[in-house]
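I opened this model to look at its aromatic contacts and at one strand. My notes follow.

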Amino acid sequence: MYKIGGRRVTLAQAIAVEARHAIKEFGSGPAAVRALDDVSITIREGEFFTLLGPSGCGKTTLLRLIAGFEMPTSGQIMLSGQDITYLPPNKRPVNTVFQSYALFPHLTVAENIGFGLQMQGRPKSEVAATTERMLALVKMEAFAARKPTQLSGGQQQRVALARALAPAPKVLLLDEPLSALDLKLRKDMQIELKRLQTETGITFVFVTHDQEEALTMSDRIGVMSAGRLQQMGSPKEIYTTPVNRFVASFIGETNFMTATREADGLRLSGGQMIDGPRGSPGQKVTVTVRPEQVRLVAPTEPGAIPAKVTALVYFGTDTHCHMELTDGTEVVARLQSPASGDDGLAQGQSVGLRFVPGSVQVLED
C-alpha cells in the first residue's frame, strides 16, 4: 500500500500517467525543432504534479501529448498502465483546463458545467445532480443562472474547473490556468485548486512558469528546460537540493560563488574557507547558497567572510541586503525586517557574513 494525497492506494493504482522516452519534433529535416528530447516522467495517482519551466521548455507540449492533442515523434504515453499514445482525445479519461476559460457565452453557469455530461448522453437526472454537486464544490451555487459575461475572471475560472471535473476524469490537465488573473486572485485560486484536488482525489497535472505556484500547490514538481526534464522531486527536494545550476537559479533566488575543493572544505575565489560537501581536492566547483541561509555578522568575527553592502531593498516583511565580496562576487542575504524599520545597515557599510551550517550546495562545473 502507498499513501498518496492523503489516500491509501495499492501498487496497481500508484501510477496514473507515464511518459516513456517521449520525443516530439515539429517540422522535418534540418529545420525540425525538437520540443521534447527523450523525456521520461512518472506521475502518481491522486497527486498534484506540476511541470515547471520557462516558456519554450516543452512543458505544454508534454501536456498536449498526455491530452492527445499532439502525437509523439517517438516514445509512449501510458495512463493507468494502458498505452494511450495514439488514442484520440475523446477516448481518453482526461480533461483539460486552458489559459482561456472557453466558456460558452450563451449558456448559463449551470449549463456550461453540465454540457460535457450532456454530450456523453448522461441521463438528465445525473446531469442535474452532478452539476449541483460541482457548483457546491467550487462555491458557485448562487451564480448558477448567470452567463459567463456576468462573472469575474476568478469566477469564470471556477466554472471552467467545475466543467472539467464534472465527468470525473482520471486525470485533470491544467495549462497555466491562473495566468490571466491578478496577483491576489491568483494566490486565492492556488489555495482553491489544492483544495479541489484534495477533495476530489483526481490526479492534477499542472503546467506553469511560476515557481511560487509550483512550490505552493505541488506534491511533486518536474523542472524542465530546453525540452528535457532537469529534476523531479518534492518542492522541498527541488528547492534545497537542486541537481544543477539551472534548477538552482530557476527555483527561487540563490547566490552562486566559485570555489575550489580542498581537504578540509571549500575555498572561495576570494580566499576564504567555508564548510561544504567534500570531494576531490583541487576541483573547481560552483557553490550555491539561498539568501535566507546567509547570516550577517561583525566583519571582525573570526572566520567571517568580508563584504560591503551595495544595496538594501525593502519588501515589507523582508529586506534584501545586496553585498559584494572582495573578489567582486555579489551575494544577497534575506533579512527579516525589524519592527522599527531601522536595521542598522547602510549602503557602503563593511560587514561580515556566514552561511547556515549544511546550507552550502555544490554544483560541479
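I count rings of Phe, Tyr and Trp (its six-membered ring) as paired if their centres lie within 6.5 Å; planes under 30 degrees apart are stacked, over 60 edge-to-face, the rest tilted. The model is predicted, so I note that local features need pLDDT of at least 70 and side-chain atom pairs 80 or more, while totals for chains, interfaces and linings use all residues. Numbering runs from 1 along each chain as its sequence is written, and side-chain values use heavy atoms, without hydrogens and water.

Aromatic pairs. I get five by this rule. Phe48 and Phe206 have ring centres 5.8 Å apart and planes at 45 degrees, so I log the pair as tilted. Phe48 lies in strand β5 (residues 48-52) and Phe206 in strand β10, 158 residues apart. I take strands as DSSP runs of E, at least two residues, and helices as runs of H or I, at least four, numbered from the N terminus. Both Phe48 and Phe206 are buried. My cut-offs are under 20% relative accessible area for buried, over 50% for exposed and partly exposed in between (1.4 Å probe, protein chains only).

Strand β9. Which residue in β10 is the bridge partner of Leu172? I find Phe204. β9 and β10 (residues 203-208) pair in the parallel sense over five bridges; I require at least two DSSP bridges for a pairing. Five of the five residues of β9 (171-175) are buried. Val171, Leu173 and Asp175 cover one side, Leu172 and Leu174 the other.
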